[in-house]
Amino acid sequence: MARANFARAAVLAVSLAMLALAPFSAPAADDPDVAAYRRAVEQRFAGWLQELWPDAEAAGVSRATFDANLKGLKLNWSLPHLVLPDPASPGGPALPRSLAQAMAPKHQPEFDAPVYYFKDGTLNALAATGRGKAAELRPTLAAIQKQYGVPASIVVAIWGRETGFGKIDAPYDAMSTIATQAFMGRRPDEFRPQLVAALKIVEEKHATRAQLKSSWAGAMGYTQFMPTDFEKYAVDFDGDGKRDIWNSIPDSLASTANSLKSQGWDGAKSWGYEVQLPQGFDCTLQGPDKARPIGEWMKLGIARVRGQAFPESKLGDSSFLVLPAGLKGPAFLATDNFSVLKLYNNSDVYAIFVGHVADMIATNAPVKFVGAWQPVERLPRDRIQRFQEVLVAQGHDVGKVDGLAGFKTRAAIGVAEKRLGLPLTCYPSQRLVDAVMKEASAARQ
Ligand code: CA
């Protein structure tokens, strides 16, 4: 699944508001320089597609399918975040400035504070519809739960989160979307196998080319499978002999459960619990690499919210602390199932969102977390990324230097805050960024 994650993660990395926007408008095609440039890129793209043949053939794609789907395929210039070649090809026309400007992101994406991800209205609406779907599909969901050990509520929550229960259209032709991403997207190496897998889907007649519609990141069907997810995890659950994630709800939901189970979902465990931390708790203890048994966390003063007890039989289970907004928001103890949800979509807030909506569906858990999302500053991703680079130079482990504040970055922030005598938050702030940058520039002199 690792190959599939990036696409969903990419979706999360941009602000949610951006997803609501129409596709980027295709720029000035009537400009002769732009037209010449685009023709040259398309020509290079056509040649590049042909170079995929050995991979496709090795995967069992016939020449007829290869040609029928890739010959004459056009780039989708309206996808966001393309990396335009300059020049168009060796010795070819340079990237026209007008096109570069038209295609540039309108503003630097911000690293969105978790609070924006958890709107009461959205959570309530998904949980209410989810309860209705869970009732309507009870026998199917019970059979899925029995076979894969994944709770119906989790599967329904993913369905709701990914496509609003199938209401969100997938507007793009998957083949040209994935080919464009593989040719001039930000992660070409990760999309190349997706293109071969998409050809295989058509080759094996799981879907027609016309049915292969996707998001701008190439994800398809009710629960947004990438083509390689289909290959590995799709199942026929309604018994018609076809694995149909495009039209069959039972197939889609069972395929999702199968992907979670195949990647380690443990049916005997929850995804996690909201918890309360004692005053002055050390937020650098967060993250999977600092896991310990639930009983050990209790000895450190951590308790479930609303006076609920941890299940007695789970006290020996390994769990880790998740503080998506550092000490400025709710706290969670997560199980290994949380990490499995992150394989579906590599984001802490995604996993919490799905787990929380599932709890709302299954147990009527309240929409509000007990911990309050306190106001946090919104810093541009490039600023966080530079900050991460400085932390790395100072010897911190921040995980991936990507402008996002994951576990390791949040813990490193806590260590830096302690060293600088700042209030402990484990969350990026302008004050800390300034202090660390100042410290680093002083060290250089
Ligand atoms: Ca089927």
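1. Let me start with a charged pair: Glu190 and Arg187 join their side chains in a salt bridge, at 3.9 Å from N to O. A salt bridge here is a side-chain nitrogen of Lys or Arg within 4 Å of a carboxyl oxygen of Asp or Glu. Glu190 is partly exposed, with a relative accessible area of 28%, and Arg187 is partly exposed at 29%. (Buried is under 20% relative accessible area, exposed over 50%, partly exposed in between, with a 1.4 Å probe and protein chains only.)

2. Please keep in mind that this is a predicted model, where local features need pLDDT of at least 70, side-chain atom pairs count only at pLDDT 80 or more, and totals for chains, interfaces and linings use all residues. Residues are numbered from 1 along each chain as its sequence is written, and side-chain values use heavy atoms, with hydrogens and water left out.

3. The salt-bridge rule gives a count of 15. One of them pairs Glu204 with Lys200, whose closest N and O atoms lie 4.0 Å apart; Glu204 is partly exposed, at 42%. Lys200, Glu204 and Glu231 are linked in a network of salt bridges.

4. Arg383 forms a salt bridge with Asp434, with 3.0 Å between the closest N and O atoms. This pair links distant parts of the chain, 51 residues apart: Arg383 sits in helix α17 (residues 381-393) and Asp434 in helix α19 (residues 430-444). Helices (H or I, at least four residues) and strands (E, at least two) are DSSP runs, numbered from the N terminus.

5. Now for the strands: an open sheet of 5 strands has the order β4-β6-β7-β3-β5, with antiparallel pairing. Its edge strands, β4 (292-293) and β5 (303-304), each pair on one side only. Pairing requires at least two DSSP bridges between two strands, and β3 (residues 272-276) is joined to β5 by 2 bridges. Gln276 has Ala303 of β5 as its bridge partner.

6. The domain assignment (bounds from an automatic or database source) gives domain 1 (272-363) and domain 2 (381-444). Their contact, meaning heavy atoms within 4.5 Å, takes 21 residues from domain 1 and 11 residues from domain 2. The area buried between the two domains is about 1100 Å², of which carbon and sulfur atoms give 66%; buried area is the accessible area (1.4 Å probe) that two parts lose on being put together, summed over both.

7. Across this interface of domain 1 and domain 2 the rule finds 2 salt bridges. On the side of domain 1 that touches domain 2, β6 (318-322) and α15 (336-344) each supply at least two residues. The largest share of that side, 3 residues, comes from β6.
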